[in-house]
Amino acid sequence: MTSVMWFRRDFRLEDNVALYHAIKNNEKILPIFHINPSQLNAFSTVNQDAFFASLLHFKKFLSDKGIHLNILYGDIKDCFKQLKQMIPDWNNIYFNFDERGYGRKRDQEMVNFFEKDLQIDAHPYLDYTLHSASEVKKPDGQAYKMFTPYFKKWITLKKATPLNYSVDKSQFVDKNYFNNNDEKLNNLVSENSIVNHMSFGTDCAKKMLHDFIQNGLSDYDKQRDIPSVNGTSRLSRFLRTGEISIRMIWQAILEQPDSDGRTTFMKELCWRDFYNMIYAIYPNQDKMAIKSEFKNVKWLNNQNQFDAWKKGETGFPIVDAAMRQLNQTGWMHNRLRMIVASFLTKDLLIDWRWGEKYFHERLIDYDTASNIGGWQWAASTGTDSVPYFRIFNPTLQSEKFDPQGKFIKQYVPELSNVPVEFIHEPNKNGYLDAHKINYPKPIVNHKEARKLAIETYKNSKSE
């Protein structure tokens with residue numbers, strides 16, 4: 001008899017819940033990954049490049065161990081029907097399920113399809129988060145809407161520990177049924193993509209975790225907001241593809257001495273569960289504001305200003321440096337994500353969905369729930385979001401978190417010789433013109449933009 005292990009965003013052999021149970025079944029396992037063409041972007045994006053580069057690495061990693069990852073390509077039900085015809089004795093499928101968004105709907109439909117149409121037993125497991133979307137509840141059984149009480153409950157709950165089991169090629173079906181699809185996978189990563197110089201895989205993720213624990217964890221609470229310092233874990237892109245499990249990270253952090261940095265990092269892991277839960281509760285949050293009073297904000301949506309924001313040409317150095325970091329590396333420091341999101345939604349009054357979509361295209365660590373949750377937080381439209389009248393001043397944020405302008409000068413080279421006195425406001429006192437520096441002047445006046453944003457949000461609430 002044959003079992004199928006359906007990999008999704010869990011590109012690892014270690015501590016993989018579905019794989020663990022498939023191995024326990026003592027049947028021959030056929031590893032597969034399905035590519036749905038309708039989910040692919042019409043044009044290449046860094047997000048897509050990063051995901052499939054990770055998948056390619058995982059496929060090669062398995063191949064080096066003598067294990068074939070079969071790539072299915074096309075309509076999902078047609079692909080699995082074809083697989084059943086090829087392997088009549090296939091009777092079980094194992095996978096780690098999604099709790100939110102498109103994945104949730106797909107998984108619900110596919111479980112029904114497997115069991116009713118193909119007569120195959122489906123075995124879905126929770127793997128992506130420490131706690132499921134339905135696990136952390138108020139005493140009355142209702143879901144939390146605020147992070148702090150959610151965290152207080154979350155931190156008291158027992159967390160699963162990493163699973164220990166052995167893997168060798170004798171446990172797997174020694175055949176690639178879909179050789180013709182391998183080239184289709186190869187073509188999904190652009191030749192000149194910025195991801196081509198990156199390292200992938202579980203070993204890389206584990207090394208990054210180790211380095212972070214040794215060099216960054218204890219001071220994480222102090223260093224995480226300084227973009228010029230390597231003070232964050234950089235594990236988000238590996239969690240996004242499951243090259244390392246959340247349980248492995250949690251266990252490693254749990255074993256470290258107590259510190260403010262350790263507690264702060266634990267909260268960051270909790271935010272991941274929190275936003276997963278919020279997306280499960282509000283499945284339409286990718287399209288509409290969670291707070292009903294802000295569903296009809298009268299956005300200005302100035303295309304020229306949006307283009308300037310995307311290119312990092314707004315005239316606000318910290319915003320521009322952040323956007324250029326994103327465009328050049330596919331990643332952005334978390335403090336900067338809040339700054340640029342506040343600037344887009346409040347200073348420019350541009351719909352948060354525009355920014356969310358751009359991040360979707362550009363981020364190598366893009367996670368739907370966390371990204372949408374972060375944008376709705378910044379736009380004051382989401383649950384437990386920043387109040388609409390609390391608007392980041394980009395200049396003050398710059399002075400506080402990049403006081404010497406080190407980060408700004410790294411990504412805005414035209415300002416590399418500007419003294420600290422002017423680095424946060426290079427247009428002050430005519431400095432740009434006086435020194436013939438080719439850098440944009442501010443596209444908005446923050447003080448005036450703040451007043452307009454507050455008035456716009458107030459009017460939205462009263463309608």
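Where is the place of Asn 301 in the chain? Asn 301 sits in the loop between helix H11 (260-281) and H12. Before we look around, a word on the model: it is predicted, so local features need pLDDT of at least 70 and side-chain atom pairs count only at pLDDT 80 or more, while totals for chains, interfaces and linings use all residues. Residues are numbered from 1 along each chain as its sequence is written, and side-chain values use heavy atoms, with hydrogens and water left out.

**The overall picture**

- The protein chain holds 21 helices and five strands; helices (H or I, at least four residues) and strands (E, at least two) are DSSP runs, numbered from the N terminus.
- With a radius of gyration of 24 Å, close to the 23 Å that the globule rule gives for 463 residues, the chain is as compact as a globular protein of that length. That radius is taken over C-alpha atoms, and the rule is 2.2 Å times the number of residues to the power 0.38.
- Along its principal axes, the C-alpha trace spans about 75 × 50 × 45 Å.
- Buried residues make up 56% of the 463 residues; buried means under 20% relative accessible area, exposed over 50%, and partly exposed in between (1.4 Å probe, protein chains only).
- Take the contacts (heavy atoms within 4.5 Å) with a separation of 6 or more: 77% of them come from residues 24 or more positions apart.

**Charges and salt bridges**

- The chain carries 62 positive and 56 negative side chains, and the centres of the two sets lie 3 Å apart. Lys and Arg count as positive and Asp and Glu as negative, with His and the chain ends not counted; each charge is placed at NZ of Lys, CZ of Arg, CG of Asp or CD of Glu.
- Side chains of opposite charge can pair when their charged atoms come close.
- A search of the whole structure turns up 25 salt bridges, each being a side-chain nitrogen of Lys or Arg within 4 Å of a carboxyl oxygen of Asp or Glu.
- Arg 106 has a salt bridge with Asp 98 (3.1 Å, N to O), and Arg 106 also forms one with Asp 107, where the closest N and O atoms are 3.0 Å apart.
- Asp 98 is buried, Arg 106 is buried at a relative accessible area of 14%, and Asp 107 is buried at 5%.
- Arg 247 and Asp 127 form another salt bridge, with their closest N and O atoms 2.7 Å apart. This pair links distant parts of the chain, 120 residues apart: Arg 247 is in helix H10 (residues 246-254), and Asp 127 is in the loop between strand E5 (121-125) and helix H5 (147-154).
- Arg 247 counts as buried at 5% relative accessibility, and Asp 127 does at 4%.
- Salt bridges that share partners tie Arg 8, Arg 9, Asp 98, Arg 100, Arg 106, Asp 107 and Asp 367 into one network.

**Residues worth a look**

- Most residues other than glycine have a negative phi.
- Asp 15 is not a glycine, yet has a positive phi of about 45°. You'll find Asp 15 in the loop between strand E1 (2-7) and helix H1 (17-24), buried at 2% relative accessibility.
- Back to Asn 301: its phi is positive too, near 50°, and Asn 301 is partly exposed, with a relative accessible area of 25%.
- Gln 305 belongs to helix H12 (residues 303-311) and is buried, at 17% relative accessible area. Leaving aside neighbours within four places in sequence, Gln 305 is in contact with Leu 348, Ile 350, Ile 443 and Val 444.
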